[in-house]
Amino acid sequence: MSRAVLIAMLGCLGAVAVGGDKRAAGAEVPGGEDGQWSMPSKDYAATRYSGLTGITPQNAGSLHPVWTFSTGVLGGHEGQPLVVGDTMYVVTPWPNVLYAFDLTREGYPLRWKYRPDVSANAIGISCCDAVNRGAFYADGKIIYNLLDGHTVAVEANSGRELWNTQIADLGNGETTTMAPLVVKDRVIVGASGGEFGIYGWVKGLDLKSGRTVWTARNIGPDKDMLARAGTFKPPYDSGVDLGARSWANDSWQTGGAPVWGSISYDPQLDLIYYGTGNASPYNPEQRLGDNKWSASVLARRPQDGTLVWAYQFTPHDNWDYDAAGAMILADLTVAGKRTRALVHFDKNGFAYTLDRATGRLLIAAAFAPVTWAKSVDLVSGRPVLDPAKQTGASRGNVKGICPSLEGGVSPSSPAAYSPRTHLFYTSTNNLCMDYAATRSSRLKGTPFMGVTSPYFAGPGGNLGTFMAWDAATGRKIWENKEPYPNWSGALVTAGDVAFYGTLDGWFKSVDARTGRVLSKFKVGSGIVGNPITYRGPDGRQYVAVYAGFGGDWAMLSGDVRSDDPADVRPPADFLKDIARHTSLGGMIWIFGL
Amino acid sequence: MRQMRGVRAPSLLTWLLACLALASCGRHAAAPSPQAGAPPPAIRYEAHLAAGGIAPAGAAPSNPHQGDRAVANSGALLFTAMNCDGCHGGDGSGWVGPNLADGRWRYGGADAEVFNSIYYGRPKGMPAFGGALGAEGVWTLVTYIRSLPVPGDVPTESWVQP
């Protein structure tokens with residue numbers, strides 16, 4: 001039997017396994033690679049690691065585009081495609097079209113496309129571009145969020161809408177950009193709106209019907225948070241109603257704490273993990289106290305939403321340091337001890353390694369320039385603040401805060417973890433800011449912010465990097481400097497090749513052990529999406545990524561736009577020439593050997 | 001609603017017709033048949049609906065505060081207080097909403113046209129502030145926005161040294 005036939009047969013076996021929930025832990029099982037990409041982050045552990053070995057440092061130099069397709073949509077193409085069996089599924093930014101491509105036929109023609117009825121008003125309620133962070137495949141359904149506060153389930157075979165549930169309220173400033181997570185018969189979803197003063201939440205929907213089974217607030221009184229006595233055990237706090245008592249004057253009611261990244265899941269512990277965004281408004285003097293559990297990671301039971309533990313990365317967020325980014329689950333050897341770890345790269349510039357059973361902090365080390373805090377105290381779990389970098393309307397313009405509010409890394413740019421190299425791979429931003437907070441008034445459905453925050457380059461002058469990180473020791477292993485803020489997610493494979501894209505539109509493969517660039521190709525627009533890899537029907541390994549400049553950058557550097565003659569903007573002063581290298585677009589690119 | 005000063009407000013009839021037209025073209029509404037008493041064709045004109053129900057031609061109001069610096073300064077405060085800056089950026093230079101200081105306009109830059117955009121809202125998420133602010137508040141904002149310094153309209157951005 002030839003190797004190719006064997007691989008094809010294994011591929012079929014993998015495809016047969018689809019539909020069960022058991023393949024969830026596939027990436028942690030050697031040889032368990034099914035060659036698909038059926039969840040936003042590849043697996044429940046959110047590793048963005050594929051066991052495919054076809055592309056190696058030896059042959060990656062010959063990677064080249066084999067197919068492209070315009071989505072017909074402008075706007076930041078964050079998120080990633082799915083590949084299930086021999087079909088690729090692509091969700092666009094608003095108006096959230098879902099495409100299903102037939103990978104068995106020349107030119108990958110569509111099997112179907114689904115165009116939901118989604119409100120245009122959502123564009124103005126979405127703080128920072130009308131993005132979507134991807135779909136989830138489960139039980140023969142493609143499940144994703146529409147920007148206007150609806151979750152839909154579409155039959156994967158036919159494109160037929162199975163259910164469409166309103167989960168969020170545009171009128172209250174809620175939009176839905178995050179990628180859902182499906183565990184057994186629950187669909188877990190959350191809402192964006194940290195810039196609109198929402199009362200942040202996650203919900204558990206019924207997979208069959210779309211009905212909302214439970215709603216859990218991320219802030220507020222215990223009963224709203226589904227925090228039950230004897231069950232909720234935060235590692236560094238005790239007492240009741242922490243999510244309400246840590247907000248002066250009941251400011252939790254409009255305190256934000258949105259959920260706009262992705263969610264991970266540990267089947268053994270039966271816990272979902274997700275991060276919450278910033279506290280609202282940006283002026284911290286309007287919400288004195290720790291503001292729990294904004295800028296935190298929360299662990300819940302997927303079935304009924306019960307809160308089990310929570311840890312706050314940035315108490316009393318003064319700097320818009322959302323913790324909405326990925327929580328990556330990996331079993332690491334920390335200080336000689338095998339540990340069920342959770343690893344998170346925060347906007348605040350620290351990379352955290354936690355015990356994911358308890359939420360207790362093991363390691364916190366800066367991965368980007370940090371000035372707001374000196375360190376994180378491992379005994380109390382709290383940052384050691386620099387008092388000179390505290391902000392607020394009474395403090396005027398506070399200068400020289402690193403990272404900027406774009407984050408040491410954006411929560412839109414999830415990291416990857418290789419169990420082979422034991423390293424994490426992530427984009428970073430090398431930006432600092434001044435922060436002048438002002439008093440803000442909440443008017444439902446309008447922004448609730450109150451800050452002016454110009455950016456400038458951090459040390460070195462390059463505005464971004466792509467780097468490898470050892471989360472068992474809190475050390476940077478290598479980094480590639482990039483001229484622009486780096487805003488793509490990461491991918492790493494068992495071939496020991498890592499992949500990422502750049503804001504000016506280069507798609508790169510690098511040696512996962514050294515960072516050496518193996519290939520690069522200039523795609524049609526800046527990359528803010530996350531690369532994936534899969535085994536095609538021909539048995540070969542492919543890599544797919546969106547090109548489509550956007551997210552915050554479409555607003556910060558408005559001169560990249562060419563679509564509206566009635567809206568002409570100057571270049572961003574810290575990013576003067578990005579429009580020389582890219583403009584808006586929306587393309588799917590597939591690379592092969 | 002506040003007293004409208006020096007403004008010919010859209011009549012109640014116009015309002016009702018606009019509301020009717022909107023209702024009949026809701027997301028899931030069937031196409032109205034003539035027998036069902038469809039609104040007059042002029043009101044159902046697509047652009048009017050998209051604009052959230054716009055005043056009919058000929059009803060162009062005039063800005064009672066045109067060019068008044070003091071009112072423009074009040075408008076700057078209102079621009080922040082009503083969170084306009086959250087979408088259009090500080091000094092109106094653009095964020096998720098368009099730049100208001102580039103001298104270019106999607107829906108027209110005359111005072112009355114800017115008034116309509118704020119009072120009635122616009123597609124893709126511009127809320128209607130007429131109810132919250134009344135005509136006087138909207139004119140105050142218009143006066144501020146029209147006072148923003150507009151750079152010379154240079155359609156070229158070049159990276160080549162001459």
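Strands of a sheet pair through backbone hydrogen bonds, in either a parallel or an antiparallel way.

Chain A holds another open sheet of 4 strands, in the order β2-β39-β38-β37, and the pairing is again antiparallel. Here β2 (64-70) and β37 (532-535) of chain A are the edge strands, and because each has a single partner strand, one side of each lacks a neighbour in the sheet. The twist from one strand to the next averages 25°. Within this sheet, β37(A) and strand β38 (residues 541-547) of chain A run antiparallel and are joined by 4 bridges. A:Ile532 has its bridge partner, A:Ala544, in β38(A).

The C-alpha atoms of chain A fill a box of roughly 70 × 55 × 55 Å along the principal axes. Chain A has 593 residues, of which 62% count as buried. Of the contacts in chain A between residues at least 6 apart in sequence, 62% join residues at least 24 apart.

Confidence in chain A is given by an average pLDDT of 94, with 95% of the residues scoring at least 70. Residues 1-30 of chain A are another matter: pLDDT stays under 50 there, and the model has 40 contacts beyond four places in sequence for this stretch. Where pLDDT is low, the predicted coordinates should not be read in detail.

A:Leu518 lies in strand β36 (residues 517-522) of chain A. A:Leu518 counts as buried because 21 C-beta neighbours lie inside 10 Å, and the cut-off is 20 or more. Leaving aside residues up to four places away in sequence, A:Leu518 touches A:Pro57, A:Ala60 and A:Gly61, along with A:Val497, A:Ser509, A:Val510 and A:Asp511. A:Asp563 is 45 residues from A:Leu518 in sequence, and the two are 35 Å apart in space, C-alpha to C-alpha.

Helix α3 (residues 69-81) of chain B has 13 residues and reaches 18 Å from its first C-alpha to its last, close to the 18 Å expected at 1.5 Å a residue. Its buried residues include B:Val71, B:Gly75 and B:Phe79. Seen down the axis of α3(B), the buried residues fall within an arc of 90°, so they line one face of the helix. Among the elements covering them are α4 (84-88) and α6 (130-147) of chain B. B:Arg69, B:Ala70 and B:Leu77 are exposed, on the other side of α3(B). Just after the helix, B:Asn83 takes a positive phi of about 65°.

Note on methods. Residues are numbered from 1 along each chain as its sequence is written. Chains are lettered from A and ligands numbered from 1 in the order in which they are written. This is a predicted model: local features need pLDDT of at least 70, side-chain atom pairs count only at pLDDT 80 or more; totals for chains, interfaces and linings use all residues. Helices (H or I, at least four residues) and strands (E, at least two) are DSSP runs, numbered from the N terminus. The expected span of a helix is 1.5 Å times one less than its number of residues. A residue is buried if 20 or more other C-beta atoms lie within 10 Å of its own, exposed if 12 or fewer, and partly exposed in between; C-beta atoms are placed from the backbone. The arc is that of the directions from the helix axis to the C-beta atoms. Two residues are in contact if their C-beta atoms, placed from the backbone, lie within 7 Å. Two strands pair if DSSP finds at least two bridges between them. Axes are lines fitted to C-alpha atoms, for helices over the stretch in contact, and angles run from 0 to 180 degrees between N-to-C directions. pLDDT is the predictor's confidence in each residue, from 0 to 100.
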